Amino acid sequence: MSQSGTGPSAVEYIQHHLHNNAIGDGFWMINLDTMFYSWLTAGLLMYIAHIVAKNMDPEKPNGLQNVIEAVVEFVQQQIKDIFPGSNPLIGPLALTIFIWVFFMNAMDLVPVDLLPSLGQVVGIEYMKVVPTTDLSTTFALALSVFALIVFYNIKIKGLVGYIKMFLFHPFGKYLIPVNIIMTAIEEIAKPVSLGLRLFGNMFAGELIFLLIALLGGASMLGLVPQIMLGSVWAIFHILVITLQAFIFMLLTIVYLAMAHQNETEDH
Amino acid sequence: MEAMAIVYGNTAIAVGIILAAAGLGSALGWGLICSKFLEGIARQPEMRPQLMGQMLFTGGLMEAFPMIVLGMAMWFVFANPFADAVKAAAGA
């Protein structure tokens, strides 16, 4: 698989691309490339929103304003379908999660060697361009949502009501230990599955891009298989990116809606 | 040296089984979801857009666990924890 003897082997290429640019170690390891690209996408989104809001025209909306209005209305429709009552935090939260996760995922569509090789010209050894392929990012988002779930549970149901939910769901008052275990597992599964779902999808997508790039280096037809396969996979990956961002947003709304429901004592 | 070879060989077989199971689960799950989707369209053709949205959404939810399993398999391939444990035990 190696070229003229000076290139890295296939496994080394993949492992090099899967390595984060980190400082510190253990718990305090900070992945600088993840931080940079997540802040970059967030800053870009804030700048675009600011520009469009400043030049907003209610009579004749131009292109970008139309797009943003469509996205906002889409998110609003989801919230109206699912969320009972009213909470001024949910709308901006859902919108932020949706478009930020979508833009972070969309960094995966940039050709896999482009930005890292530009970085190597400047002297940066490792660079992972997609922040959501880092477990830290996805779990940061998932744990923030989990903190909000616990906060709203306690705020709406009261601390007593929240503990009663642990004790008497789903079985009844004679099976309290079983109830505690099952409800605790259900509550913990929410952030764990949110974080791991997004991470798994993005990691698998990036890995397949890397394997397709290896194919380009190794095959006799040169770049042709890489371009064809890469385009096909990138088109499929557009669907996966959007879907995963949408699922994250929808599950956030669903979990917060569940936290806002008052207990109906039916057992 | 032999211990490392045994560890890597067994890890390779294990990763193969893990990936087969993940692929099988994912394919069966999508098959069930899409078959119900087709039945729903057959019963009420005018509901196709909503059903398509729901199908993609539940498909994405179902893909979560095969993806997690795939992530763990890739972890075994690229940063084998068993090999590290054997190295630590041999070095100690």
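Of the 267 residues of chain A, 27% count as buried. The model is predicted. Chain A holds eight helices and two strands. Its C-alpha trace spans about 70 × 55 × 35 Å along the principal axes.

**Chain A layout**
- From the N terminus, the elements of chain A run α-β-β-α-α-α-α-α-α-α.
- Among contacts in chain A with a separation of 6 or more, 66% join residues 24 or more positions apart.

**Nonpolar core**
- The largest nonpolar core has 44 residues.
- The residues with the most contacts inside this core are A94(A), I97(A), F98(A), V101(A), A245(A), F248(A) and M249(A).
- From chain A, helix 3 (63-82), helix 4 (90-106), helix 6 (135-168), helix 7 and helix 8 each give two or more residues to the core.
- Helix 3 (64-78) of chain B also gives two or more residues to this core.
- Leaving aside neighbours within four places in sequence, F248(A) is in contact with I97(A), V101(A), L194(A) and L198(A).

**Contact between chains A and B**
- Chain A brings 16 residues to the contact, and chain B brings 12 residues.
- On the side of chain A that touches chain B, the elements giving two or more residues are helix 1 (10-17), helix 7 (176-218) and helix 8 (224-260) of chain A.
- Helix 7 of chain A gives the most to that side, with nine residues.
- By class, the side of chain A that touches chain B has 10 nonpolar, five polar and one charged residues.

**An exposed position: I51(A)**
- I51(A) lies in helix 2 (residues 32-54) of chain A.
- I51(A) counts as exposed because it has 12 C-beta neighbours inside 10 Å, and the cut-off for exposed is 12 or fewer.
- A22(A) is 29 residues from I51(A) along the chain, and their C-alpha atoms are separated by 34 Å.

**Helix pair in chain B**
- Helix 1 (residues 2-43) and helix 2 (residues 48-62) of chain B pack at an angle of about 170°. Their axes are 10 Å apart.
- Angles over 145 degrees count as roughly antiparallel, so helix 1 of chain B is roughly antiparallel to helix 2 of chain B.
- Helix 1 of chain B uses G29(B), W30(B), I33(B), C34(B), F37(B), G40(B) and I41(B) in this contact.
- These residues meet R48(B), L51(B), M55(B), T58(B), G59(B) and M62(B) in helix 2 of chain B.
- By class, the contact of helix 1 with helix 2 of chain B has eight nonpolar, four polar and one charged residues.

Note on methods
Residues are numbered from 1 along each chain as its sequence is written. Chains are lettered from A and ligands numbered from 1 in the order in which they are written. This is a predicted model: local features need pLDDT of at least 70, side-chain atom pairs count only at pLDDT 80 or more; totals for chains, interfaces and linings use all residues. Helices (H or I, at least four residues) and strands (E, at least two) are DSSP runs, numbered from the N terminus. A residue is buried if 20 or more other C-beta atoms lie within 10 Å of its own, exposed if 12 or fewer, and partly exposed in between; C-beta atoms are placed from the backbone. Two residues are in contact if their C-beta atoms, placed from the backbone, lie within 7 Å. Ala, Val, Leu, Ile, Met, Phe, Trp, Tyr, Cys and Pro count as nonpolar, Asp, Glu, Lys and Arg as charged, and the others, Gly among them, as polar. A nonpolar core is a set of buried Ala, Val, Leu, Ile, Met, Phe, Trp, Tyr and Cys residues joined through C-beta atoms within 7 Å. Axes are lines fitted to C-alpha atoms, for helices over the stretch in contact, and angles run from 0 to 180 degrees between N-to-C directions. Angles under 35 degrees count as roughly parallel, over 145 as roughly antiparallel, 65 to 115 as roughly perpendicular and the rest as oblique.
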